[in-house]
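Please consult the sequence and the model shown below while reading.

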Amino acid sequence: MIKLQTILVEKINFEKDETKRLLEKLDSESTYKVQHCIYYPYLFFEYSVQKKNFFDPIEGKLGCTIDGVNKIGALIDTYPLLDEKKIADGQIVNCTLSLPDAEAIAKKFLLDSILRKRKVFTIPKLKMTQQKIFYRPYWIVKGNEDKPNHFLLLVDAVSGKFHPLH
Amino acid sequence: MRVDIVFFICYLLFLLGIGVYFTRKASRSPESYLLADRKLGPAVTALTMQSTSMSGFMFMGGPALAYQHGWYAIMYAIGDAGGGIVNLTVLGKRMRRMSQLLGALSPIEYLEKRFESAAIRVVGATITIIFLFAYVFAQFLAAGKTLETLTGWKYEWAVIIGVGIIILYTVAGGYLAVVWTDFFQSIIMLLGVLFLVIAGFNHVGGLSGLNQQLAEIDPSYLSIWGKDYVYYGQWGVIIGSSLIYMIGYMGLPHVVVRHMSMRSTKTVKTATLITAIYNQLFTYSPYLLGFMGIILLPQLSDPEMVIPTLAYTFFPGILSAILLSAVMAAIMSTADSILMQAGTTLSRDIYQRFIDKKASYSRVVLISRLSVLLAGVIGILVAIIQPPRVFDLVVFAFGTLGNSFMVAYIASVYWKNANKVGVLSSMIAGGLSNILWTSLNWEAVTGIHPFLAGLIISIIAMLIGNRFGTPPSEKIQKIFDEAKGQRILPKNIEKNIAKDIGPEARTVSLFLKQVNPVNG
């Protein structure tokens, strides 16, 4: 029996057909079959940033995601659009990172990013305003299915970016 | 002031300008400071690799050997001419891919991550620190002595000025400054030596005239066995002479790091072509000048000064002005790369690995800068004080580094089941055998060059040691396959791969193997 979990899932921008079209447009000589969807864990953090300095004030909100398996941070420009969905266990990659551990990584990552990009001399204050675990949908796509040179791609269903699978 | 000194001072200021120009860019992250964000194109990759590999030896030791032994010395040039091409072809693509997949920023960190052993990092960092420092001291000493001889400056001031500039631009601009200064230095080196060779051939009547006159002085100058056929029948010495530079560079951390900083694997093809052209133009020329010295400077007391003496005696003016900068460019372009690598090993392989694992980006960059500065200051002090025994290490530096790491780097990308025990055995046995062979002069007894002996022993140690270790983890085996680059992806798909979701792709690959996917 398939076990279902209720999770927060990012909204799909590239449905099956669009994903197929995207790849066929890039490479019309191969055939592509979008097989199924995998949900990958990320931890989202939003912080309000405050640095009162007459010459170089910084104020506003900053968000980042932390890869729930590889613990890698990424800055985000827009708030992820999330929906609650029931998803089968076999489609969900387990999150191996706890929220407190991820928070420490996120804070360090954001501070490093601010220091590198703004070249500020004093460390700004970060106050967490939101934190969430969510899952991003990725399509598993098989290229040239019945040929000896077949291959698998992982396609980000939100951005359309892809990477080969081995 | 003399024209050559004015030209040289302008040249030093230009190099310093490059360092200052890259200061801000290098400060962005440890990857920027230590590896130039892995964004170097083919021309810079090719020329920094060549100018780093070819030290002051090309203007001093190499021509001296040619002056003393005649055409036997060309075996070293053959090795040098093929060295860069072999290095890029054998390691280039695979090491570029694997170092990024492993997230390694230094060649020693790369070995630790590939073979999953902290012991490799400890042994590797120890060998690197000892022998790279010895190598740095040798280059600094050469810089001081060359400047002292060619300019008449006091030795101490020559070291402080010549080496001080290297330290300043390396500390400020990091790896970016090193590779870009190397790029310009390689051009100066080529121009300096090419002009001299063309002018020299005019004096001796071309290649035929050169050989004819050498034969008249002593026919053994034309043989590959050395003057008076001193190496007659010793194939181990002859092959070793070529091999040391043909493949030895693949074991030098400050050279192989160039594979890790290329923009992409596609960079390798053009870089190899540029290397091939550069090497054919450059590597034979210093040796040809050494041969010309036999004819034109028969009474020369110090063979190492054959090129400078030729330039100042027969081709005064602009040629000798360029020559001073060319000789110094050869020394400086090697010294800055070694200095950078010594600093990287101190900051990344020792400080960040064993002292402060959680150091922030900005702290790592600061520590890297301080490490380069520390290595440089120690280098200057040693070059000035010249403590006994320190320079004994210099004799072993190149061969020990080459024999310690070459088999490890090649196995890392060509032998999937190579493991930590095998690699540790090859590193220790290779390095140790080179030291023993050199210090006990076993070359005289066996007729085998120390480098060739070290290579054979390190291969045997790798094969034996590997039987006692456990195979690499599944993760490393996957990375190995990926680094092989035998993808069957269509060209346009390959071109548009989003590398930033690479970690997710690796995790999903493992996930798909563990669960039965549900079709959605």
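## A salt bridge across the interface

K161(A) forms a salt bridge with D500(B), with 2.4 Å between the closest N and O atoms. A salt bridge is here a side-chain nitrogen of Lys or Arg within 4 Å of a carboxyl oxygen of Asp or Glu. Across the interface of chain A and chain B, the rule finds one such salt bridge. Side chains of opposite charge can pair when their charged atoms come close.

The model is predicted, so to speak of local features requires pLDDT of at least 70 and side-chain atom pairs count only at pLDDT 80 or more, while totals for chains, interfaces and linings use all residues. Residues are numbered from 1 along each chain as its sequence is written, chains are lettered from A and ligands numbered from 1 in the order in which they are written, and side-chain values use heavy atoms, with hydrogens and water left out.

## The interface of chains A and B

Chain A gives 39 residues to the contact and chain B gives 36 residues, where contact means heavy atoms within 4.5 Å. The area buried between the two chains is about 3,300 Å², and carbon and sulfur atoms give 69% of that area. Buried area is the accessible area (1.4 Å probe) that two parts lose on being put together, summed over both.

Between chain A and chain B, seven residue pairs are in polar contact, both residues being at pLDDT 80 or more. A polar contact is a pair of N or O atoms within 3.5 Å; within protein, one must be able to donate a hydrogen and the other to accept it, and residues adjacent in sequence count only if both atoms are side-chain atoms. On the side of chain A that touches chain B, β2(A) provides the largest share, six residues. Helices (H or I, at least four residues) and strands (E, at least two) are DSSP runs, numbered from the N terminus.

## Two cavities

A search of the whole structure finds two cavities of 30 Å³ or more. A cavity is a set of points on a 1 Å grid over the protein atoms alone where a 1.4 Å probe fits but cannot get out, and lining residues have an atom within 4 Å of a point. A volume is the space filled by probe spheres set on the points, which are joined across faces, edges and corners.

The largest cavity holds about 60 Å³ of space, and its lining includes H163(A), H166(A), K478(B) and R506(B). The second largest cavity holds about 30 Å³, and Y175(B) and M340(B) are among its lining residues.

## Salt bridges over all chains

Over all chains, the search finds 20 salt bridges. One joins K108(A) and D112(A), whose closest N and O atoms are 3.5 Å apart. These two residues are four apart in helix α2 of chain A, which means that about one helical turn separates them.

Terms used. On a 1 Å grid over the protein atoms alone, a cavity is a set of points where a 1.4 Å probe fits but cannot get out, and a pocket is an open set with protein on both sides within 12 Å along at least five of seven lines; lining residues have an atom within 4 Å of a point.
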